Amino acid sequence: MDYEFMDGEDAGPRVTIRKTNETTIDLMLSNTSLSLANSLRRTMLAEIPTIAIDLVEIQSNTTVLADEFLAHRLGLIPLSTRGVEEMFYARDCDCDEYCDNCTVMLQLHAVNRNSEEHVKVFAKDLIPELVGGGPVEDPRFGRAGMNGMGTGSAEDLPARGAPIILDSKGQGSLICQLRRGQELKVRCIARKGIAKEHAKWAPTAAIGFEYDPHNKLRHTTLWHEGTDPKSEWPESKNIEWEEPAQEGEQFAFDAEPDQFYINLEGTGVMPPDVILHSGIKTLQQKLAGVIQHLSTTTDMGHEINGAGADDGAMTPPDPGTAYGGQQTAYGGGGTTPAYGGGTAYGATTPAYGGGTAYGGGTAYGGMGGATPYGRSGY
């Protein structure tokens, strides 16, 4: 089923959702530029906040797996991002160590006491709890961890920090196996983060990105070994959405792509359409920050007087100060002892100006005056 979203004007970008399910979304982004489409792709890959296990406290581990190996596996388990926008980053929270505003605790205790068969430990065995020790209430089922099945909408996600379980058996990711007499007891601390910091916070498993499926722009060189390149380069399914090049059509060397095909596969931590909307929102916030900064600076990079007074912005220095115009430490005027004319680095001074150690008629000067190394500079 196709869905189409666009802004109020035809000049804005247009999104057509061609297919979607619990974890994937296939969409077409049109009426925009390659740079903007690629920026959206990169934002969805690396800058959408999610929740992942960031610290593992090993209390008992008699399995065959090393502590570091187990910690790495636990960090890659997808966790529910329900209410992630309400969480603080750990670096921004004012708590002493952990609190419910920036942390989700998960407990895991598994023991194989007398069974000769291997006991498998799955993600479903991770039980979320509050920092104080109480259970996390699931808005759907009461207690988190009892049913961590992710679905197609944000409202149906399990409680914040609960493992996402998508397999038909309802077990989730395999963590390890226990032989007889082995035990694993850990406490996991999950925090908010983005994939730019570590891949475990990535909400996507992969993002396919394609444009110009007929290669009319010739951005791709169809290298082939035989005589027929089409037999070695299978046609994309996206060719149905564009017209092929006509016989004898003149090549437009200045043409630019304006239609892009994106296939997004999520990890289950949030629905794929939420990933798309979060990517657009994050990109808007980044661009707004750039625009706001540029609107409060001059062409020389100085802050405009009065702008940003509430956010700690600096006002440009007045002439006659350390960085101003004439008679300053770095300006002209020839009356100060720093970098102006007639200063340590200016003309007619003993440093780097004309008639100085590196000027004309000096140690490394022009073709004229005597120097310590000969009649001329070189």
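Reader: How much space lies in the largest pocket?

Author: About 560 Å³ lies in the largest pocket. The model is a predicted one.

Reader: Which residues lie nearest the centre of the largest pocket?

Author: Pro213, His214, Asn215, Leu222 and Trp233 lie nearest the centre, out of 17 residues that line the pocket. The elements that give two or more residues to this lining are β12 (204-211) and α3 (229-232).

Reader: What makes up the lining of the largest pocket, by class?

Author: The lining has 8 nonpolar, 5 polar and 4 charged residues.

Reader: How many helices and strands does the protein have?

Author: There are 4 helices and 13 strands. Of the 378 residues of the protein, 36% count as buried. Among contacts between residues at least 6 apart in sequence, 60% join residues at least 24 apart.

Reader: Which residues of α4 are buried?

Author: Pro272, Ile275, Leu276, Gly279, Thr282 and Leu283 are buried in α4. An α-helix has 3.6 residues a turn, so residues three or four places apart point the same way. The buried residues of α4 pack against β2 (14-20), β3 (24-30), α1 (34-46), β12 and β13 (259-266).

Reader: Why is Gln259 called buried?

Author: Buried means under 20% relative accessible area. Gln259 has 18% relative accessibility, so Gln259 counts as buried. This residue is found in strand β13.

Reader: What is Gln259 in contact with, leaving aside its neighbours within four places in sequence?

Author: Gln259 is in contact with Met28, Leu29, Ser30, Glu210, Tyr211, Asp212, Trp241 and Glu242. One of these, Met28, is 231 residues from Gln259 in sequence, yet their C-alpha atoms are 7.0 Å apart in space.

Reader: What makes the pairing of the side chains of Gln259 and Tyr261 a polar contact?

Author: A polar contact needs a pair of N or O atoms within 3.5 Å, one able to donate a hydrogen and the other to accept it. The side chains of Gln259 and Tyr261 make such a contact at 2.8 Å. A polar atom of the Gln259 side chain also lies 3.3 Å from the backbone oxygen of Trp241.

Reader: Where is Asp212, and what sets its phi apart?

Author: Asp212 lies in the loop between β12 and α3. Its phi is near 50°, a positive value in a residue other than glycine. Most residues other than glycine have a negative phi. Asn31 also has a positive phi, of about 60°, although it is not a glycine.

Reader: Is Asp212 buried or exposed?

Author: Asp212 has a relative accessible area of 10%, which is under 20%, so Asp212 is buried.

Reader: Why is Asn31 called partly exposed?

Author: Partly exposed covers the range between buried, under 20%, and exposed, over 50%. Asn31 has a relative accessible area of 34%, so Asn31 is partly exposed. This residue is found in the loop between β3 and α1.

Reader: How do you know that Val84 is buried?

Author: The relative accessible area of Val84 is 8%, under the 20% cut-off, so Val84 is buried. Val84 lies in the loop between α2 (67-75) and β5 (103-111).

Reader: What is Val84 in contact with, leaving aside its neighbours within four places in sequence?

Author: Val84 is in contact with Pro49, Thr50, Ile51 and Lys192. Val84 and Lys192 are 108 residues apart in sequence, and 7.3 Å apart in space from C-alpha to C-alpha.

Reader: What makes Leu184 a buried residue?

Author: Leu184 has a relative accessible area of 1%, and the cut-off is under 20%, so Leu184 is buried. The residue is in strand β11 (residues 183-193). Beyond its neighbours within four places in sequence, its contacts include Ser60, Asn61, Thr63 and Leu70. Thr63 is 121 residues from Leu184 in sequence, and their C-alpha atoms are 6.9 Å apart.

Technical notes. Residues numbered from 1 in each chain as written. Predicted model: local features only at pLDDT ≥ 70, side-chain atom pairs only at ≥ 80, totals over all residues. Heavy atoms only, no water. 1 Å grid on protein atoms, 1.4 Å probe; cavity = no way out; pocket = protein on both sides within 12 Å on 5 of 7 lines; lining within 4 Å. Points joined across faces, edges and corners; volume = space filled by probe spheres on them. Nonpolar A, V, L, I, M, F, W, Y, C, P; charged D, E, K, R; others polar. Buried < 20%, exposed > 50% of the residue type's maximum accessible area, 1.4 Å probe, protein only. Contact = heavy atoms within 4.5 Å.
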